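Me: I would like to learn how to read a model like this one, feature by feature. Could you take me through it?

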Amino acid sequence: MRDHVISELVEYVKRDPNLYLICGDLGYVVLDKFREAAPDNFINAGIAEQNMTALAAGLALEGNTVFTYSIGNFPTLRCLEQIRNDVCYHNANVKILAVGGGFVYGNQGVTHHATEDIAVMRALPGMRVYVPGDAYEAIACIKEAYETMGPAYIRLARNKEQNFHDEGAVVDITKIEAYSSKGSDVNILTTGSILTEGIKLQKLLAEQGISAGIFSVPRVKPIDEAGITDIAVSSKLLVTMEEHQISCGLGGAVAEVISAIGDKHAKLYRAGLDNRFSDTTGSQEYLRDQYTISADTLLPVIMKELGR
Amino acid sequence: MTSEELSVRIRLRAWEMGYKAKASHMGGNFSMADAISVLYTDILNIDPKDPDNEGRDRVILSKGHCCAVLYALLAEKGFFPVKELDNFGVDGSMLSCHVSKKVPGVEFSSGSLGHGAAVAAGMALNAKLQNKDYKVYAICGDGECNEGSIWEMVMFAGQHKLDNFTVIIDANKMQAMGDTKDIMNLQPLADKWASFGWTALDIDGHDHDALRAAFNAPSDGKPKVIVSNTIKGHGVSFMENDLWWHYQIPFGDYYQKAIDELNAELERVAGNR
């Protein structure tokens, strides 16, 4: 999804001289297409994310659309107050583009796991939060972020995710994206590249005779309240899956939505990190297993939740 | 009005504002009053009747806690009515006690230190990238230079030769809990900035001729820093170099005593016209 998004940015900058991309000295090779297409619109701010973000705010307040780019925690947590005060409070047109969301950098260790970023970005007034599940969700996210004035956070994975759409598909990210029909027993909501495990889990549940649905949530804020409410009132169990803490991310957002439902609605099970660091060494797939966010490890948990 | 007269008037107004609002930070307000008075009187290309003009020079107050003198100055310059200053810190007022963009003439809200100067650098970068003529100024404290984000900005602006960008450091040598030399000694401050590729000037920040000369000095293709050596609380005898006036709100006999001193000074500088 990373290359698809950079290609989109290249298309935008060709017709928008007021688009700038500032990186925090990361994106070797990855950003080459952009640098070659628009060298005057590319700035390497060095390994200095606070300054990168404040510069972006200054450029944006002068009428530009500015993307900052780095790995997971660096353009978000490292410079949180610059995002809060300089960008969000001033409604500066800055889009934070992060790669390596969740466990993407698996064996690189905890510093490189972005597992609180959705929570923190979600809490900021005016910030839109996008966590696409495949390349075509990502294209729709970057497009909406670019076309909508104000701050946005786009959390990408990397480049090897499976695509679940046909080439050229246009995803409506204002809604939760269905990858199956609605389940009457359980509906699974995922955000980000864990979608692939969600789709697998839905199939495993179906094989057990469970009526299960699978939906991706590419736009976590503002979230599709109507869509989530609809599946919550028509099934027994909602499951959220995210490479993130279960607090305040997708699971938290869904809990907020269903807490406002007056009618009978599904119970919620949130899969993710439960108030702990993902400090086991291993690949993304290994870590998903370790922290019970993979399809295989979640299957017995969900069966138990369903009383089967 | 000369910059000298303006600098006394805004101290007087800030003092009255602080008294009414029970607001602190008077020492740091008074130390920077001269620099902003010269900047707004003799240097900037601005029009109070057209505060958002695209060609205007930009000023960001990065030490946002010292906004009282800036608000007073902007009112004196006609950005908004002087009587509005009575609402400093009042419920529902635009005049918050850390600088607010809601106030006409203010480019950017700050309060947390180490933010404004980097945003100003972004505005200066914009002018360089898009061949615009405006200049950008940021006012920082010397205590503020403890912040790592200041040095990230210093490195960037030096690297990118932002010669349309000037930072004024109000070097009053004190910060919240004592003397800067005892807390985080950054001397020689001007040399440090110069070593990152800045044109660095070290001047008496209460000498208006020196300030004018520094603002007008060539920047030699580099960003410029003016280390404006000042006295915290300058202009009122009992406040000078007294850390107490970082926190203390104007009160009691002190209130009138400062007014008397400032009025005498106003008469002197106005008489010199």
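Me: How many helices and strands does chain B have?

Reply: This is a predicted model. Chain B has 10 helices and seven strands.

Me: What is the count for chain A?

Reply: Chain A has 11 helices and 12 strands. Its radius of gyration is 19 Å, close to the 19 Å of the globule rule for 308 residues, so chain A is as compact as a globular protein of that length.

Me: What radius of gyration does chain B have?

Reply: Chain B has 17 Å. A compact globule of 273 residues would have a value near 19 Å, and chain B agrees with that.

Me: What are the spans along the principal axes of chain A and chain B?

Reply: The C-alpha trace of chain A spans about 60 × 40 × 35 Å. For chain B the spans are about 50 × 45 × 40 Å.

Me: What share of the residues counts as buried in chain A and in chain B?

Reply: Buried means under 20% relative accessible area. In chain A, 61% of the 308 residues count as buried. In chain B, 55% of the 273 residues do.

Me: How do I read contacts against sequence separation?

Reply: Take the contacts between residues at least 6 apart in sequence, then ask what share joins residues at least 24 apart. That share is 77% in chain A. In chain B it is 75%.

Me: How far apart are the mean positions of the positive and negative charges in chain A?

Reply: They are 4 Å apart, for 28 positive and 39 negative charges. Chain B has 27 positive and 37 negative charges, with mean positions 3 Å apart.

Me: Which residues does B:Phe80 touch?

Reply: Leave out residues up to four places away in sequence. B:Phe80 then touches B:Tyr71, B:Leu74, B:Ala75, B:Leu85, B:Met94, B:Leu95, B:Val103 and B:Pro104.

Me: Backbone next. How do I read omega and phi?

Reply: Most residues other than glycine have a negative phi, and most peptide bonds are trans. Look for the exceptions.

Me: Where is A:Pro222, and what is omega for the bond from A:Lys221?

Reply: A:Pro222 lies in the loop between β10 (219–221) and α8 (225–233) of chain A. The peptide bond from A:Lys221 to A:Pro222 is cis, with omega near -5 degrees.

Me: Which residues does the cis bond at B:Pro188 join?

Reply: It joins B:Gln187 and B:Pro188, and omega is about -5 degrees. B:Pro188 is in the loop between α6 (180–183) and α7 (189–195) of chain B.

Me: What is phi of B:His25, and is the residue buried or exposed?

Reply: Phi of B:His25 is near 70 degrees, a positive value in a residue other than glycine. B:His25 sits in the loop between α1 and α2 of chain B. Its relative accessible area is 17%, so B:His25 is buried.

Me: Where does B:Lys173 lie?

Reply: B:Lys173 lies in the loop between β3 (165–171) and β4 (174–175) of chain B. Its phi is also positive, near 70 degrees. B:Lys173 counts as partly exposed, at 29% relative accessibility.

Me: Last, a helix residue. What does B:Lys257 touch?

Reply: B:Lys257 is in helix α10 of chain B. Not counting residues up to four places away in sequence, B:Lys257 touches B:Ser237 and B:Phe238. At 43% relative accessibility, B:Lys257 counts as partly exposed.

Definitions and conventions
Residues are numbered from 1 along each chain as its sequence is written. Chains are lettered from A and ligands numbered from 1 in the order in which they are written. This is a predicted model: local features need pLDDT of at least 70, side-chain atom pairs count only at pLDDT 80 or more; totals for chains, interfaces and linings use all residues. Side-chain values use heavy atoms; hydrogens and water are left out. Helices (H or I, at least four residues) and strands (E, at least two) are DSSP runs, numbered from the N terminus. The radius of gyration is taken over C-alpha atoms; the globule rule is 2.2 Å times the number of residues to the power 0.38. Buried means under 20% relative accessible area, exposed over 50%, partly exposed in between (1.4 Å probe, protein chains only). Contact means heavy atoms within 4.5 Å. Lys and Arg count as positive and Asp and Glu as negative; His and the chain ends are not counted. The place of a charge is taken as NZ of Lys, CZ of Arg, CG of Asp or CD of Glu.
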